[in-house]
Amino acid sequence: MVFKYSVTLSSFRKIESIEQTLARLKEQGYDAVEMFGEPEQTNLRDLRETFVSYDLPVCGITGMWGREGQNRKLLSMDPHIVEQSEDYVRKCIEMCQYLGGNEINVCLFADDGQLFDANHRAPSEDQKKSTIERAIPILSSLVRFASDHNVDLLIEPLNRYSTPYCTAAKDAIYIAQRVNHDNIGILLDTFHMNIEESSFEQAIMDSKDFLQHTHFADNNRAMPGYAHIDFRSIVKTLNRIGFSKFVSFEPNLAHAGYEPVTLDGLKFIKTLENSTF
């Protein structure tokens, strides 16, 4: 199998214009990009023309959750916030279709008061499931809307310091099974997995029936190869399950001199892919 490679444009958002980023990424050999999900802050027609002019397709939309979207909380107890959050997802789905992509990630946030105890202990499995159950009808409605727009809805687990209710592959699998629709899938992110999973390999194997997309970043949110995550084992396991979809890099970048880093990280994973067949 052969991976496809993309990168999240949200990583470059505070550094330079989209045009500058696309020119650099195209030269480095990326296959596509993920556009950040801010549909109301974007001239979609101009944006689509920009992607066409640089010949870099959009594979999907990165939902701006958490700090990027304070009131985007599908698990909120406030019906108005939930309604706003659903509307946001629908607009991102429409944006995704318009730009030619076919997937958007959904992260499950709750009200601030529901989040953590003093030691950041995870809630019990019963607490998780009872909270998640509130979102199943909402997600079922959203996934039908996504299906009508030829877009897949991907559940992305985040680590407990972001939100404690969907933190691991098993949580996302439970949600996907409960929603039970062809257009529901899972996105696994190595940065979050490094905190929450006992085994990268087992999490990937368990998710194989739903895994549609991956985010790659090292344990310090750098490009792969710049810290201690064992990407060889991760890539080997992805090859083992026949994964041939997008590996999308999601690094934290601080300045415009990022080119050596984004190029080295891409080459590093391509080398691992070719050596672990």
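Is Arg221 buried or exposed in this structure? In the predicted model, for which local features need pLDDT of at least 70 and side-chain atom pairs count only at pLDDT 80 or more, while totals for chains, interfaces and linings use all residues, Arg221 is buried, with a relative accessible area of 11%; buried denotes under 20% relative accessible area, exposed over 50%, and partly exposed the range in between, with a 1.4 Å probe and protein chains only. Residues are numbered from 1 along each chain as its sequence is written, and side-chain values use heavy atoms, with hydrogens and water left out.

Arg221 is placed in the loop between β7 (211-216) and α9 (231-240), where helices (H or I, at least four residues) and strands (E, at least two) are DSSP runs numbered from the N terminus. Not counting residues up to four places away in sequence, Arg221 touches Asp189, Phe191, His192, Glu250, Pro251 and Asn252, contact being defined by heavy atoms within 4.5 Å. The side chain of Arg221 makes a polar contact with the side chain of Asp189 at 3.4 Å, and a polar atom of the Arg221 side chain lies 3.2 Å from the backbone oxygen of Glu250; a polar contact is a pair of N or O atoms within 3.5 Å, of which, within protein, one must be able to donate a hydrogen and the other to accept it, residues adjacent in sequence counting only if both atoms are side-chain atoms.

Aromatic pairs were also examined. Rings of Phe, Tyr and Trp (its six-membered ring) pair if their centres lie within 6.5 Å, planes under 30 degrees apart counting as stacked, over 60 as edge-to-face and the rest as tilted. Eight aromatic pairs are found in the whole structure. For Phe3 and Tyr5, the ring centres are 6.3 Å apart and the planes stand at 65°, so this pair is edge-to-face. Tyr30 and Phe249 likewise form an edge-to-face pair, at 6.0 Å centre to centre and 90° between the planes. Because Tyr30 lies in the loop between α1 (18-28) and β2 (32-37) and Phe249 in strand β8 (residues 246-249), the latter pair ties together parts that are 219 residues apart in sequence. Tyr30 is buried at 3% relative accessibility, and Phe249 is buried with a relative accessible area of 0%. Ring pairs link Phe3, Tyr5, Tyr30, Phe216, Phe231, Phe243 and Phe249 into a cluster.
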